[in-house]
Structures are given as C-alpha cells and as structure tokens.
Amino acid sequence: SHDCSGMTRARTWLSMCCIIVAGAAVVGLWNVQKLRDRDDFHDGGAPSLDTQQIILACGCLFAFGFSMFIPKIIFGVAVRETLPPEAAGAGGAVLELLSEAGAAAAGFPLGALLASVPSPPSVTAPTFSDRSVEEESGWSAVFWSLKLGLCAAFVLLTLLTMRPRII
C-alpha cells in the first residue's frame, strides 16, 4: 500500500477550485438573466438576448459543465487507485452508477421548483409588472438552490481539508 495523502489533498483543492469556477458560472448565468429582464422591460419587447449575452451565457455554461466534469473524473480515478486491482473496475462502475443516478435525480427537485411557481396570467398578452421573468417563471429558486448547493459543497470540502491527519 502506498501513501496517497498528498494526492488526496491535491484532488480536494482542485475540486474546491472547480466549485469556485462553477459558482462564478452560475452567477454569470444569473446576471445574463437579469440583463435580459432589464433590457426587455425597459424596451417593452419580447425576451431576447443580444450577441454579447449569448456569448456570456455559452461561456458560463461551458465553464459550469467543465468544472463539474473534473471532480467526477478525479473521484473515479481515486476510487480505482485506492481499491485492490481485482476490485477497481467494479468500484469504478458502482461510483459511475451512483453518479449518473444522482445527476438524473437532481433534475426532479429543480423541475419541481420551476413547476411550483404559477405561470403568468396570459401567455399571448404578457403583462409587464415589477416582477422579472425570472421571478415569474421560478428560475430564481433554481439559481438559489444551485448557489446554496455549491456553497455547501465548498464548506464540506474545506472541512475535509482541515481535518486532522492520522499518522
């Protein structure tokens, strides 16, 4: 058996950096939504995005997806490294199964948040009030749940990093 404590610490720090990037991407997407709402309600037009907002949204989506992919790969490698060679493949498969099940299950609560907010009174003739499209469609709850989840993950990884080492 070999000592993996340095690699484990490096993986934890890399995962924390990925959470910071994902948080910045969520904030960027939230700002794209706010810019769209502000521009459209001042103009009185239908919701639309200009080229800069589309580029910002695509960059944020790429950064979020990429930053969530790295820890998934890191944890898969860590599982395969820590298990005996004859069990490494099965351990990796179980981790991937749980990872995919978690990703599939995560869509349900976010969809329920979106569905819990009543739709605007008229779809054909939109009413422009003080509330933004985000508030009327339930996206505010989705963004807040993403932000809270990322903060919780960052705190948990920080606590994991600060735990005393057993020699």
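Residues are numbered from 1 along each chain as its sequence is written, and side-chain values use heavy atoms, with hydrogens and water left out. In this predicted model, local features need pLDDT of at least 70 and side-chain atom pairs count only at pLDDT 80 or more, whereas totals for chains, interfaces and linings use all residues.

The chain contains 5 helices and 0 strands, where helices (H or I, at least four residues) and strands (E, at least two) are DSSP runs numbered from the N terminus. Along the sequence, the order of elements is α-α-α-α-α. Of the 167 residues of the chain, 23% are buried; buried means under 20% relative accessible area, exposed over 50% and partly exposed in between, with a 1.4 Å probe and protein chains only. The accessible surface amounts to about 11000 Å², and 72% of this area belongs to carbon and sulfur atoms. Such areas come from the Shrake-Rupley method with a 1.4 Å probe, and for residues only the protein chains shown count as cover. When contacts (heavy atoms within 4.5 Å) are considered between residues at least 6 apart in sequence, 72% of them join residues at least 24 apart.

Two of the helices were compared with their expected span, which is 1.5 Å times one less than the number of residues. Helix H2 has 32 residues and should therefore span 46 Å at 1.5 Å a residue; its end C-alpha atoms are 47 Å apart, which agrees. Helix H5, with 24 residues, reaches 35 Å from its first C-alpha to its last, close to the 34 Å expected.

The buried residues of H2 are Gln 53, Ala 57, Cys 60, Ser 67, Pro 71, Ile 74, Gly 76 and Ala 78. Ala 78 counts as buried because its relative accessibility is 16%. Between Ala 78 and Ala 88 the separation is 10 residues in sequence and 9.9 Å in space, C-alpha to C-alpha. Ala 88 lies in helix H3 and, at 13% relative accessibility, is also buried. Val 77 is 11 residues from Ala 88 in sequence and 9.5 Å from Ala 88 in space, again C-alpha to C-alpha. Apart from residues up to four places away in sequence, Ala 88 touches Arg 80 and Leu 83.

In H5, the residues Val 142, Phe 143, Lys 147, Leu 150 and Leu 157 are buried. Lys 147 falls in this class because its relative accessibility is 13%. With neighbours within four places in sequence set aside, Lys 147 is in contact with Val 26 and Trp 30.

The largest pocket has a volume of about 690 Å³. A pocket is an open set of points on a 1 Å grid over the protein atoms alone, with protein on both sides within 12 Å along at least five of seven lines; lining residues have an atom within 4 Å of a point. Grid points are joined across faces, edges and corners, and the volume is the space filled by probe spheres set on the points. The lining comprises 20 residues, of which Phe 64, Met 68, Gly 149, Leu 150 and Ala 153 lie nearest the centre of the pocket. Helices H1 (5-43), H2 (51-82), H3 (85-116) and H5 (139-162) each supply at least two lining residues, and the largest share, 7 residues, comes from H3. By class, the lining divides into 12 nonpolar, 6 polar and 2 charged residues; Ala, Val, Leu, Ile, Met, Phe, Trp, Tyr, Cys and Pro count as nonpolar, Asp, Glu, Lys and Arg as charged, and the others, Gly among them, as polar.

Definitions and conventions. On a 1 Å grid over the protein atoms alone, a cavity is a set of points where a 1.4 Å probe fits but cannot get out, and a pocket is an open set with protein on both sides within 12 Å along at least five of seven lines; lining residues have an atom within 4 Å of a point.
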